[in-house]
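Student: Hi! Could you walk me through this one while I have it open?
Tutor: Happy to, here it is.
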Amino acid sequence: MTRKEVIMSVREAASMIKDGMTVGIGGLLTANHPMAIIRQIIKNGVKNLTVVGSPAAGLEIDLMIGAGVAKKVATAYVGGESLAPIGPFFRKAVVDGTIQMWECDEAILCTALRAAAEGLPFLPWLGGVGTCLPDINPDLKYFQDPIKGQTLLAVPALELDVAILHASWSDPYGNIQYVGNTYADILMARASKKCVFQVEKVVSNEDIKRNPHLTKIYGVDAVVPTPYGSHPFSSDGFYDLDREHLKEYVEAAKAYTKGNPEPFNQYLKKYILEPNSHEEYLEVIGMKKLLSLYRW
């Protein structure tokens with residue numbers, strides 16, 4: 001029996017995302033985000049997405065808000081740590097009410113993904129009981145534990161239409177291996193109807209078999225080879241984050257939220273709208289800059 005290869009281009013993978021879908025975006029803060037596909041989604045003009053970020057999402061979600069892709073966001077945090085404690089677009093959109101926010105903490109978001117992964121309508125959780133979370137997120141329901149009578153929260157499943165994630169490498173058949181922390185990526189992959197992985201490189205199945213302990217996810221729907229695909233964020237085992245680029249983004253986003261859209265419009269034009277491919281994007285960044293990020 002011949003195994004099916006699942007290699008796709010960035011354009012093919014991004015075309016899976018349609019208006020109104022619920023899309024999971026993997027990664028952790030400033031690392032391992034599927035930026036090549038996110039840029040193409042923005043370029044495609046997709047709208048009204050419900051974006052489920054990792055429990056500690058980075059500025060990629062902020063970019064999706066600023067570019068008009070997202071109408072609803074579910075995550076516990078959107079920011080870039082010291083680069084931007086809170087994403088500028090995220091802050092303004094939540095305050096102004098221009099996006100819907102599914103309020104949660106990290107554990108509640110993981111519980112919601114786990115419920116979807118297990119095919120359950122909800123899972124019980126003790127965290128959040130006695131807080132204001134059920135008041136500001138009416139999807140969280142109190143109920144009485146039938147065994148001990150304890151008050152718990154029912155956390156509804158967050159099923160994803162598509163999960164878009166970034167990992168170290170894969171074989172052509174969708175056996176995904178990681179260097180570093182997978183964080184909530186495994187939950188997202190299991191909670192999704194379809195799962196797409198950017199990878200830094202594609203290796204042979206024999207290479208995968210040499211280190212089976214690194215295989216965290218298998219049987220995905222698409223593998224997208226994208227060297228430097230997480231830029232301007234880091235990719236564990238490959239390159240560091242591009243602080244200068246992220247500072248450029250943050251300053252442009254801040255200017256937009258203060259009434260000056262031109263810097264952000266120029267950012268979109270230079271890095272997203274004008275490059276015709278991921279490779280052209282890398283040419284805009286420049287080989288000297290990319291090589292300077294190599295630290296392992």
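This is a predicted model: local features need pLDDT of at least 70, side-chain atom pairs count only at pLDDT 80 or more; totals for chains, interfaces and linings use all residues.
Tutor: Strand 1, helix 2 (residues 35-44) and strand 2 form a right-handed β-α-β unit. Right-handed means that, with the strands pointing away from the viewer, the path from the first strand over the helix to the second runs clockwise. Helices (H or I, at least four residues) and strands (E, at least two) are DSSP runs, numbered from the N terminus.
Student: Which way do the residues of strand 1 point?
Tutor: In strand 1 (residues 22-25), Thr22 and Gly24 point one way and Val23 and Ile25 the other, and all are buried. Buried means under 20% relative accessible area, exposed over 50%, partly exposed in between (1.4 Å probe, protein chains only).
Student: How many bridges link strand 1 and strand 2?
Tutor: Four, in the parallel sense, with strand 2 covering residues 49-53; pairing takes at least two DSSP bridges between two strands. Gly24 sits opposite Val52 of strand 2.
Student: And what about strand 8?
Tutor: Strand 8 (residues 160-170) pairs with strand 1 in the parallel sense over three bridges, and Ile25 faces Ile164 there.
Student: New topic: what is phi of Leu29?
Tutor: Near 50 degrees, a positive value in a residue other than glycine. Leu29 lies in the loop between strand 1 and helix 2 and counts as buried at 18% relative accessibility.

Technical notes. Residues are numbered from 1 along each chain as its sequence is written. Side-chain values use heavy atoms; hydrogens and water are left out.
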